[in-house]
Amino acid sequence: MALQTAAADHGVRCAVALVPADMGVIGARWGTDADYRAAWKADLDSFAAEPETARFGPEGVDGFMNAITRDAAASRLAQRAPDLADRPIFVAGGRNDPAAPFADHYAPLVEALRVAKAPFAALEFDGGHNPSEASAAAQGFIERTCFGR
């Protein structure tokens, strides 16, 4: 979400994405893989049961999932890379991420940032979907790059 927000709002001067899950990739798969969609729906329904944890809007989980599926092609992070090329970006991805597989989520984004000539730093690590493995590097990037320390 940090990268989608930064791509849409050029007032955001720096962005950090730790183990980013590309909702465009996920939404495209929801549209073609009923079992994958059903598994996600079960998880999201469990979050929706606790309104203080997650809010899905007036149409609930189904409306959220339908919107993500409908907008999947336009919201792929790799497609948004040119909109990020005017500010520093940090992205970290785990090579063994079961939630956002590296080859589907991280690698295309990093390549698109490279092609867009974005001023970015990328960190790959052996772990999975655990942002704490990259938090120190992200903090250093923020202090050096976003706040000029």
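Modeller: Two strands pair if DSSP finds at least two bridges between them; strands (E, at least two residues) and helices (H or I, at least four) are DSSP runs, numbered from the N terminus. It's a predicted model, so local features need pLDDT of at least 70 and side-chain atom pairs 80 or more, while totals for chains, interfaces and linings use all residues. Residues count from 1 along each chain as its sequence is written, and side-chain values use heavy atoms, without hydrogens or water.

Biologist: How many bridges join E1 to E2?

Modeller: Four, and E1 and E2 (residues 89-94) run parallel. Leu18, for one, has Ala92 in E2 as its bridge partner.

Biologist: And what's the strand order in the sheet?

Modeller: E1-E2-E3, an open sheet with parallel pairing. E1 (15-18) and E3 (120-125) are the edge strands, each pairing on one side only.

Biologist: Which strands does H8 lie across?

Modeller: H8 (residues 135-146) lies across E1, E2 and E3, at about 175° to E1. Angles run from 0 to 180 degrees between N-to-C directions, with axes fitted to C-alpha atoms, for helices over the stretch in contact (heavy atoms within 4.5 Å).

Biologist: Switching topic: at what angle do H2 and H3 pack?

Modeller: About 120°, with the axes of H2 (residues 23-30) and H3 (residues 34-48) 8 Å apart. Ile26, Arg29 and Trp30 of H2 meet Tyr36, Arg37, Trp40 and Leu44 of H3.
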